[in-house]
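Student: I am new to this structure. Could you take me through its features one at a time?

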Amino acid sequence: MHFMSLFFFSIIWSGLILLSPGLITVAKGADNEVYFYNPESNVNNFTALKREFDRYLQSLGNYRFVPFNHIQFFEKHLQIDQTAKMHKNAVYLLSSWYYKNLILHYPLHAALIGTIKGKVTQKKILSAQQTISSLQLLQGTNITSAGNQDYTKNILIELMGEDKRKIVSTLQILSVPNDIDALIAVGFGLSHAALTTEYSRSIWASINPQLSQTLNTLAISKDLLLPVVAIPEKPTSGTLELLKVIERMEQEKKGLMLLQMLGLDGWKVIGKNEQLMLKQ
Amino acid sequence: MIAICSSSFADDHLPRVLILNSSAYIQKYSQVEEEFNLSLSGHTIVEELNIGSKWISEEKIEEKIYDSTPELILCIGSKAYLLAKKFTKNTPLLFILGIHRNRFALTDKTYVIESELSPVSQLTMFRFFFPGLIKVGVLYSKYNQQWFSRAQSSAKEVGIELAGIYIGETASFREGLEALLPKIDALWLISDPIVLTSREQVKAIFRESHVLQKPVFAYDRIFGSFGATLIISADVVTMAKQASQMAFNILANKSTLQKKQIPAGSHIAIHLDKIKQYQLLLNPRALSSVNEYIHNSK
């Protein structure tokens with residue numbers, strides 16, 4: 001697609017997000033943007049996320065939160081910035097899983113990583129109905145997950161092993177709004193298995209032990225990194241200022257609440273270990 | 001979108017699907033139509049008919065069903081289902097967003113996605129958001145007697161004590177409310193035609209609950225403006241995705257998991273100011289499941 005048509009396409013698309021009914025006043029002239037793309041969660045709370053983030057960010061400066069729900073739109077946006085060599089003040093809030101793939105094509109650098117109770121990783125669990133006692137029996141079944149299709153299938157391959165790729169291709173994935181929904185769906189026979197975080201599985205077990213006992217744990221992932229905040233490899237001073245705003249979120253009540261909306265409770269400056277994990 | 005095994009259908013035979021929409025002017029109806037269409041496009045031939053317009057006669061609808069020879073009809077809303085049932089014999093009907101669905105006879109060719117979440121889904125969410133919650137109260141009438149006894153056993157499963165007051169006559173509503181509120185930690189508003197008989201009655205519920213600093217949990221976003229603390233409703237987009245998955249299984253002659261399915265996704269709205277005001281213990285990690293924040297109207 002020609003550069004200019006890409007550009008106008010993006011403008012039109014941004015307009016759709018920003019001017020949708022019930023959404024958000026556009027921050028006029030905001031040129032400091034926090035881009036958000038996270039396929040790990042079925043973020044169907046864009047309206048709420050944008051409204052709450054914009055309120056918070058605009059109280060601190062001329063900042064704007066720009067969430068993306070489709071990878072194509074997000075990457076087109078990045079591509080335009082690259083092609084035009086724009087030196088915008090921008091930070092990128094991304095799932096680590098996606099970031100690992102993205103840096104193969106775009107010169108971004110992860111600066112912060114999300115934390116939950118001081119930890120930078122979490123595990124995913126594949127829980128199934130009791131009749132499904134092995135991964136082989138998953139063939140052609142339904143899986144509920146709060147992540148999008150691509151993410152869910154990729155994590156399932158990681159979890160189940162490369163040799164189960166064929167089984168994964170036969171699965172019907174139903175994206176649901178959150179992990180508890182995914183687990184309840186299995187409990188009620190709407191799906192055969194659910195892919196959730198370890199935390200959700202354990203909280204669900206504590207809330208409803210009876211239903212939880214009817215589930216089999218089929219597989220547990222290795223430690224998976226939480227979302228990261230990335231910046232361009234050659235950041236502007238404005239970008240570094242914006243990064244500081246994001247880094248300080250957990251110190252303010254409203255900022256902490258926003259982090260919790262993303263499923264986090266803090267940020268950590270990325271160290272060598274995390275950098276290594278992000279390259280694996 | 002849902003993951004689809006496109007190889008289910010032969011290239012030279014794309015199944016025909018007709019979407020009958022009771023009213024394309026109702027936002028959630030059109031949302032379902034759009035999402036369903038998106039999931040099926042390329043894998044089936046989809047035709048759509050909005051029967052909400054007063055210009056469209058029953059004859060036209062019958063003609064359309066006859067001409068399009070669908071292998072499946074998605075009926076959005078009760079009007080669409082009743083007409084599709086009237087004009088078809090053996091065509092499978094997938095019924096979604098039915099109002100008072102229990103009043104309609106379902107045929108063995110009918111597949112349904114219920115409009116309301118199960119009590120256990122809602123009760124689980126109550127505990128997920130408010131771990132300190134113990135006693136929840138419900139006002140119900142003869143229309144929800146069965147529902148209440150099911151909900152009571154579900155409540156036990158999640159460690160909640162569900163107290164109920166049966167409202168027999170409109171006159172006993174106020175006494176019922178006054179008797180229930182002091183005994184509970186939160187009031188759970190359910191869809192009941194006797195309890196929610198008028199706007200004034202709804203206002204009274206919220207007013208009295210507020211006086212005693214008791215949060216109200218509701219089932220529809222409409223109660224946000226009345227002062228609901230937590231609203232859990234069925235997520236319409238997820239319902240449409242479920243319908244698409246069911247449609248593929250019906251068309252591929254696969255046995256679907258269940259002919260009647262409850263909604264698999266929840267839409268959650270919370271009012272943080274109310275939570276603070278009533279000093280409720282909120283699980284901060286539940287915030288990542290919130291779809292909407294209710295703010296005080298200015």
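Student: How many residues of chain B count as buried, in percent?

Tutor: Buried means under 20% relative accessible area, exposed means over 50%, and partly exposed lies in between, with a 1.4 Å probe and protein chains only. Of the 298 residues of chain B, 55% count as buried. For chain A, with 280 residues, the share is 57%.

Student: What should I know about the model itself?

Tutor: This is a predicted model: local features need pLDDT of at least 70, side-chain atom pairs count only at pLDDT 80 or more, and totals for chains, interfaces and linings use all residues. Residues are numbered from 1 along each chain as its sequence is written, chains are lettered from A and ligands numbered from 1 in the order in which they are written, and side-chain values use heavy atoms, with hydrogens and water left out.

Student: How many helices and strands are in each chain?

Tutor: Helices (H or I, at least four residues) and strands (E, at least two) are DSSP runs, numbered from the N terminus. Chain A has twelve helices and 13 strands. Chain B has nine helices and 13 strands.

Student: Where is B:Ala151, and what does it touch?

Tutor: B:Ala151 is in helix H5 (residues 145-157) of chain B. Its relative accessibility is 0%, so B:Ala151 counts as buried. Leave aside neighbours within four places in sequence, and B:Ala151 is in contact with B:Pro119, B:Leu123 and B:Leu162. B:Ser118 is 33 residues from B:Ala151 in sequence, and their C-alpha atoms are 8.6 Å apart in space.

Student: Is A:Ile220 buried, exposed or partly exposed, and which residues does it touch?

Tutor: A:Ile220 is partly exposed, with a relative accessible area of 46%. It is found in strand E10 (residues 215-220) of chain A. Not counting residues up to four places away in sequence, A:Ile220 touches A:Lys123, A:Lys124, A:Ile125 and A:Leu159.

Student: How many aromatic pairs are there over all chains?

Tutor: Rings of Phe, Tyr and Trp (its six-membered ring) pair if their centres lie within 6.5 Å; planes under 30 degrees apart count as stacked, over 60 as edge-to-face and the rest as tilted. Over all chains, the whole structure holds 23 aromatic pairs. One of them joins A:Tyr35 and A:Phe68: their ring centres are 5.9 Å apart and their planes at 45°, so the pair is tilted.

Student: Which parts of chain A does that pair tie together?

Tutor: A:Tyr35 lies in strand E1 (residues 32-37) of chain A, and A:Phe68 in the loop between strand E2 (63-67) and helix H3 (71-83) of chain A, so the pair ties together parts that are 33 residues apart in sequence. A:Phe68 also forms an aromatic pair with A:Phe74, and this one is edge-to-face, at 5.3 Å centre to centre and 70° between the planes. A:Tyr35 counts as buried at 1% relative accessibility. A:Phe68 counts as buried at 1%, and A:Phe74 at 1% too.

Student: Which residues do ring pairs link into a cluster?

Tutor: The cluster is made of B:Phe126, B:Phe128, B:Phe129, B:Phe130, B:Trp147, B:Trp188 and B:Phe217.

Student: Where does a charged end sit over a ring?

Tutor: The test is that NZ of Lys or CZ of Arg is within 6 Å of the ring centre and within 35 degrees of the ring normal. B:Lys259 has its charged end over the ring of B:Tyr111, 5.1 Å from the centre. B:Arg285 has its charged end over the ring of A:Tyr199, 3.5 Å from the centre.

Note on methods. Contact = heavy atoms within 4.5 Å.
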